[in-house]
Amino acid sequence: MHIVILGGAGLMGSGSVRDLLSELSGGVTRLVIADTSRERMQQLHAALADPRTETVELDVTNAEQTMALLRGADLCINAVPTFAGFQMDIFGYCLAVGCPYVDYGGMGVYTVRQKAEHEEWVRRGATAVLGLGADPGMSNMLCRAVADRLDSIDRINLYWAASAVGEESPVLVPPYSVSTVLGEYANPSQQFLDGELRQVPALSGSEFLDLPPPWGRREFMYSQHSEPLTVPFSAGIADKGIKEFTWKLSLPERENEAWIGLVKAGFGDYDDPLHIAGVDIKPVDYLQSLIQRNLDRNRERIPDQEGYEIHFARGQGVSGGLPTRVTCTVYAEPDPLYEAYNDAATSMNVSIGAQLLLRAPLRPGVWGPEEYFPVEDYFAELRKRKFRIDITTKTLEQL
């Protein structure tokens with residue numbers, strides 16, 4: 001496997017690189033890490049000390065240089081942050097040179113634009129699988145597992161929650177990309193309700209659920225995500241009569257309050273530049289730099305915490321003639337395996353998808369994970385990486 005990972009020295013990209021090269025993976029013969037930051041690439045390359053890796057300083061706005069790098073590669077992993085604005089450009093480069101493409105997700109907006117090009121990718125014999133992180137990505141596969149256990153589907157509701165056990169941190173540590181968190185908290189989202197996509201306000205859809213420790217009782221809210229724009233339209237789901245599909249998240253209470261406060265302060269307009277002392281700066285760039293400086297200056301004040309994640313899909317419909325609920329849950333619990341990763345769930349899932357994609361003959365077109373990968377093959381890779389999976393099927397009389 002000859003893989004090029006664009007943005008490969010970033011937070012998520014570097015984690016995928018580590019997993020692709022780990023003993024949990026196989027078949028990677030050449031891994032090209034392309035990034036704008038020579039310093040980050042050199043640090044990652046030195047830490048890996050793996051002869052299969054090489055680094056290329058690259059600005060993806062240079063179409064000619066980027067396409068030259070992609071020609072002949074077995075796969076492009078797009079790890080450039082979605083809100084950097086280059087998603088469609090990179091997607092187009094891959095189509096132009098016939099390089100298979102995967103990404104971490106397009107926050108819904110880009111994903112829909114990419115899916116609209118399905119027929120063109122089929123015509124040109126090119127393959128793309130979109131949203132291969134944890135959410136979207138692994139979450140899509142949970143939905144597929146639920147749908148496969150129902151003969152007809154009324155609804156599927158998808159949830160993600162994080163929890164940190166230990167002393168509270170006096171420093172705000174983003175759970176993932178700052179631009180992504182701001183987008184989730186500031187932007188309205190589209191949810192599939194009453195058989196159609198409907199726009200709902202940011203921070204709406206409040207729902208309280210009782211979860212096992214360490215999460216406990218948690219409040220969930222709608223947020224901008226790609227799954228409602230793709231999953232209810234997938235084969236094997238759309239044709240089972242689904243009328244509702246929603247996505248909701250829940251961050252720990254104090255972090256949730258912090259991000260709400262930042263949006264109230266105006267950081268929700270993350271892409272609208274401020275003009276300060278003759279210089280234009282985007283609020284998201286300012287906030288990212290400020291948070292990073294604060295992290296660097298106060299690293300010793302950040303306490304050791306154990307991070308937990310729960311990802312689950314609840315589907316309700318009919319199975320064997322009986323009203324039935326199916327719940328598929330993936331638990332990401334503390335494990336030494338994850339210590340080298342910034343976000344193991346996201347970065348490992350991209351690695352899983354990339355490897356599964358290249359192990360079998362390619363299917364031309366633009367696909368969601370739930371349309372492309374066999375559930376059991378995918379779940380087997382999750383279990384290898386210490387993710388715990390639980391699937392329960394109960395008739396409504398048993399609930």
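Reply: Contact is taken here to mean heavy atoms within 4.5 Å, and the model to which this is applied is a predicted one. With that cut-off, Met138, Met141, Leu142, Arg144 and Ala145 in helix H7 meet Val375, Tyr378, Phe379 and Leu382 in helix H14. Sorted by class, this contact of H7 with H14 holds eight nonpolar residues and one charged residue, with no polar residues. In general, an α-helix has 3.6 residues a turn, so residues three or four places apart point the same way.

As for the geometry, H7 covers residues 138–147 and H14 covers residues 375–384, and their axes come within 10 Å and cross at roughly 130°. Angles over 145 degrees would count as roughly antiparallel and those from 65 to 115 as roughly perpendicular, and H7 and H14 are therefore oblique to each other. The crossing in which H7 passes H14 is left-handed.

Turning to another helix, H1 spans residues 11–20, and eight of its ten residues are buried, so H1 is largely enclosed by the rest of the structure. The buried residues are Met12, Gly13, Ser14, Gly15, Ser16, Val17, Asp19 and Leu20. They pack against strand S1 (2–6), strand S2 (30–35), helix H2 (38–48), strand S4 (75–78) and helix H12.

Helix H12 (residues 344–359) is also where Gln355 is placed. Because its relative accessibility is 1%, Gln355 counts as buried. Leaving aside residues up to four places away in sequence, Gln355 touches Met1, Asp19, Leu20, Ser25, Gly26 and Arg385, and two of these partners, Asp19 and Leu20, are among the buried residues of H1. With Ser25, the side chain of Gln355 also makes a side-chain polar contact of 2.9 Å.

The loop between strand S16 (322–332) and H12 contains Asp335. Whereas Gln355 is buried, Asp335 has a relative accessibility of 23% and therefore counts as partly exposed, the limit for buried being under 20%. A polar atom of the Asp335 side chain lies 2.9 Å from the backbone nitrogen of Leu337. Along the chain, Asp335 and Gly317 are 18 residues apart, and their C-alpha atoms are separated by 36 Å.

Notes: Residues numbered from 1 in each chain as written. Predicted model: local features only at pLDDT ≥ 70, side-chain atom pairs only at ≥ 80, totals over all residues. Heavy atoms only, no water. Axes fitted to C-alpha atoms, helices over the stretch in contact; angles between N-to-C directions. Helix = DSSP H or I, 4+ residues; strand = E, 2+ residues; numbered from the N terminus. Parallel < 35°, antiparallel > 145°, perpendicular 65-115°, else oblique. Left-handed = near helix turned anticlockwise from the far one by under 90°. Nonpolar A, V, L, I, M, F, W, Y, C, P; charged D, E, K, R; others polar. Buried < 20%, exposed > 50% of the residue type's maximum accessible area, 1.4 Å probe, protein only. Polar contact = N/O pair within 3.5 Å; in protein donor to acceptor, adjacent residues only side chain to side chain.
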